[in-house]
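Hi everyone, thanks for making time.

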Amino acid sequence: MSDIRVRFAPSPTGYLHIGGVRTALFNYLYARQQGGKFLLRIEDTDQQRSTPEFEREILDSLKWLGLDWDDELVHQSKRLDRYREVAQELVAKGLAYEFEGAVKFRIPQTVVKVYDIVRGEVTYDSKEFDDLVIMKSDGYPVFHLAVIVDDHDMGITHVVRGEDHLPNTPRHILLQQALGWKSPKYAHLPLIFGSDGTPLSKRHGAVAVTEYRNKGFLPQGLVNYLALLGWNPGTPQEIFSLPELVKQFSLKRVIKSNAQFNPEKLLWVNGQHIRAIPGEDYEKQITEYWKNNTGFWKDKTDSVPEEKWRKLITLYRPRIQTYGELKDQAAYYFAEPEYKDASLMAEIKNNASVVKLLKQLSEVLAEVDDFEEVQVLDQKTKQVAETAGLKPKDIIHPLRFVLTGGTASPGIFELMSLLGKETCLERLQRFLS
């Protein structure tokens, strides 16, 4: 073990969002890569907005992502006496003073140099700073005091946080110097922006971790994508497991420029992980997800027959990018198809040769005993087209629309085998009537 100690310090005033996860992840990767410790501190001094529910959500999200922390949790709300003690120490030294019930730190007039691992040396003139409130009149510390006291007491060696905290850092260094404490090393991560160049928000798809989880994202997919927001591995590799990220991560490869959140790239990365996990894990995970999230399986009597379910999820594994997408892509399996494309529907129904072809196919399929044999369905369908002097696509495209209500799906014959003889014939007859 090395002496490196980093921390993630969320406030339980809301759900854990993408920016917070990226910060937690970079701290975790650095600690694990260096053989150090990754600590968790709950900054819960906001009495009005902090709730146990938000704290539980943050902890559950971190565990789901695989970002396990070392040692016990630190809660700022349990350390109020310590903050008051430090504030009074500064007052006693003449470095702070009481003002209308609050305590303010006297900002010394000096040049403050911040040596940042990501940005290099950044210089500030403290003449531009006003004296800093460190304790409010209600006896609670402000962020600036609490964070430097906690970092000192927890032995934090590296503070890895968002670039938005960079302007706070010279103030923190001045406080540390006033107390005779050694400053930790700082690394300020690039901010995450949406595609329109504005700070990341919900309109860019930057929702809480729990929402991604509820949509059927994999934790390893989300972690993989977020690692690439502000970190360059230096190789063309884009798909990483968590152990691979730990092995390759370096703060020196964190980029300075703002990162851009791309929901489509996130989906792509997640889809790659769905296809990479072992088949047994895939089946177990997607089944568990569906039972817990879709409301489809209310009880055992509602469930899809096991063999049909296995066939369905196998058929869609190469196509889905989240477990939740199955519900939309295979909607025709769970309910009657919706023919939303009215023009295509009319085009098919008004084409006498296509209607005749589909009727002939329906009659031929009625004679097929076993829809399990995909090759038989393939052969029979193509024979109908060839007998009419047409190409297979002339019957397959309208057939796909009739059976699914859409124009894209897995292989039509695998799809027919999945639906089964009775369902396929019913849908053909209903459409043609």
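So, helix H1: 12 of its 17 residues are buried, so the rest of the structure largely encloses this helix. Keep in mind, by the way, that what you're looking at is a predicted model. Who's on the buried list? Among them are Ile-18, Val-21, Leu-25 and Leu-29, but also Arg-22, Asn-27 and both Tyr-28 and Tyr-30.

The charged end of Arg-22 sits over the Phe-26 ring, 5.4 Å from the ring centre.

On to the aromatics in general. How many aromatic pairs does a search of the whole structure find? It finds 16. Take Tyr-15 with Phe-54: they're edge-to-face, 5.1 Å centre to centre, with 90° between the planes. Tyr-15 is in the loop between strand E1 and helix H1, while Phe-54 is in helix H2, so this pair ties together parts 39 residues apart in sequence. Tyr-15 itself is at 47% relative accessibility, which counts as partly exposed.

A second pair is Tyr-225 with Phe-261. Their ring centres are 5.8 Å apart and the planes sit at 75°, so that's edge-to-face. Tyr-225 belongs to helix H7 and Phe-261 to the loop between strand E12 and helix H9, so here the parts tied together are 36 residues apart in sequence. Are these two buried or exposed? Tyr-225 is buried, at 3% relative accessible area, and Phe-261 is buried as well, at 2%.

Last stop, Ala-9, which is in the loop between E1 and H1. Its relative accessible area is 17%, and the cut-off for buried is under 20%, so Ala-9 counts as buried. Which residues does Ala-9 touch, leaving aside neighbours within four places in sequence? Those would be Arg-41 and Glu-43. Leu-267, on the other hand, is 258 residues along the chain from Ala-9, and their C-alpha atoms are separated by 28 Å.

Definitions and conventions. Residues are numbered from 1 along each chain as its sequence is written. This is a predicted model: local features need pLDDT of at least 70, side-chain atom pairs count only at pLDDT 80 or more; totals for chains, interfaces and linings use all residues. Side-chain values use heavy atoms; hydrogens and water are left out. Rings of Phe, Tyr and Trp (its six-membered ring) pair if their centres lie within 6.5 Å; planes under 30 degrees apart count as stacked, over 60 as edge-to-face and the rest as tilted. Helices (H or I, at least four residues) and strands (E, at least two) are DSSP runs, numbered from the N terminus. Buried means under 20% relative accessible area, exposed over 50%, partly exposed in between (1.4 Å probe, protein chains only). A charge sits over a ring if NZ of Lys or CZ of Arg is within 6 Å of the ring centre and within 35 degrees of the ring normal. Contact means heavy atoms within 4.5 Å.
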